[in-house]
Amino acid sequence: MTDEPVGGVRVCRVFLVDDHAVFRSGVRAELAGQAGIEVVGEAGSVAEAVAGIGRVRPDVVLLDVHMPEGGGVAVLRSVLGTDPSGGPATADTSGTSGASDAPVSTFLALSVSDAAEDVIAVIRGGARGYVTKTISGGELADAVRRVADGDAVFSPRLAGFVLDAFARAAPGLQERGEPVHDPEVDSLTPREKEVLRLLARGYTYKEIAETLFISVKTVETHASNVLRKTQQSNRHALTRWAQSRHLD
């Protein structure tokens, strides 16, 4: 929040973006009675939103997702210079956007949609939170204050979409080239891992012996050690265990 305190309470300046004027009026009325919140502007289209946000420089933008001409994602792309598809994008340099030295506004999506793809698109575009239009006036005011203070705010069910999406996108330890520590795997010797890999591929003891240039008796000893260390009861279970760890 950037304004000086008024009566001991810092004022959060809010800008409304929604293509339905009646809805904007309702939100404005709901927030009017909330301490520390002032609605300083509104827009009914993407172009009006980009110009208005650049001119007013609000602390928080309440952003509708589905509007003509690209909706909330188009506003985010123009103001923040983000591309939710993952590619590079360029901020609006016309002087009407927030791409200047001034503090960048924080965006809180406010939509009737609770579809996962909508949530993910605006979060990737740079929004700090996402709440649905079923939210009460008091809850909305609290969400505005929280995103202004730097929190990420989501309706409970929508938070799961975001966690799932970013968990899928995050590379695992193996993809990042970092070692994966598995006590059972770590307990195996290099030779035992070689035997395990061939066992999982369906080789017989004799074939393993010929492949590794060792005796069948030695293969049997290694196989017994592998079963004991991995706590598997038979070769079938050992094969599934190896496959689950990509050791086959």
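## Close-up views of a predicted model

View 1. Helix α1, which covers residues 21-32, lies across β3 (12-17), β4, β5 (60-63) and β6, and it runs at about 170° to β4. The model shown here and in the following views is predicted.

**View 2. The open sheet consists of six strands with parallel pairing.** The edge positions are taken by β4 (37-43) and β8 (153-154), each of which pairs on one side only.

**View 3. Strands β6 and β7 run parallel and are joined by four bridges.** Strand β6 is made up of residues 106-111, and its partner β7 of residues 129-132. Within this pair of strands, A109 stands opposite Y130 in β7.

**View 4. Helices α3 and α4 pack with their axes 9 Å apart.** Helix α3 (residues 71-80) and helix α4 (residues 116-125) meet at an angle of about 10°, and the two helices are therefore roughly parallel to each other. On the α3 side the contact is made by V73, L76 and L80, while α4 contributes A121, V122 and G125. Helix α3 also lies across β5 and β6, running at about 175° to β6.

**View 5. The charged end of K133 sits over the ring of F23.** In this view the charged end of the K133 side chain is placed 4.1 Å from the centre of the F23 ring. As for pairs between aromatic rings, a search of the whole structure finds zero.

**View 6. Residues 84-100 form a stretch with pLDDT below 50.** Averaged over the protein chain, the pLDDT is 81, and 79% of the residues score at least 70. Over residues 84-100, by contrast, the pLDDT is below 50, although this stretch has 38 contacts in the model beyond near neighbours in sequence.

Note on methods
Residues numbered from 1 in each chain as written. Predicted model: local features only at pLDDT ≥ 70, side-chain atom pairs only at ≥ 80, totals over all residues. Heavy atoms only, no water. Phe/Tyr/Trp six-rings, centres within 6.5 Å; stacked < 30°, edge-to-face > 60°. Lys NZ or Arg CZ within 6 Å of the ring centre and 35° of its normal. pLDDT = per-residue confidence, 0-100. Contact = heavy atoms within 4.5 Å. Pairing = 2+ DSSP bridges. Axes fitted to C-alpha atoms, helices over the stretch in contact; angles between N-to-C directions. Parallel < 35°, antiparallel > 145°, perpendicular 65-115°, else oblique.
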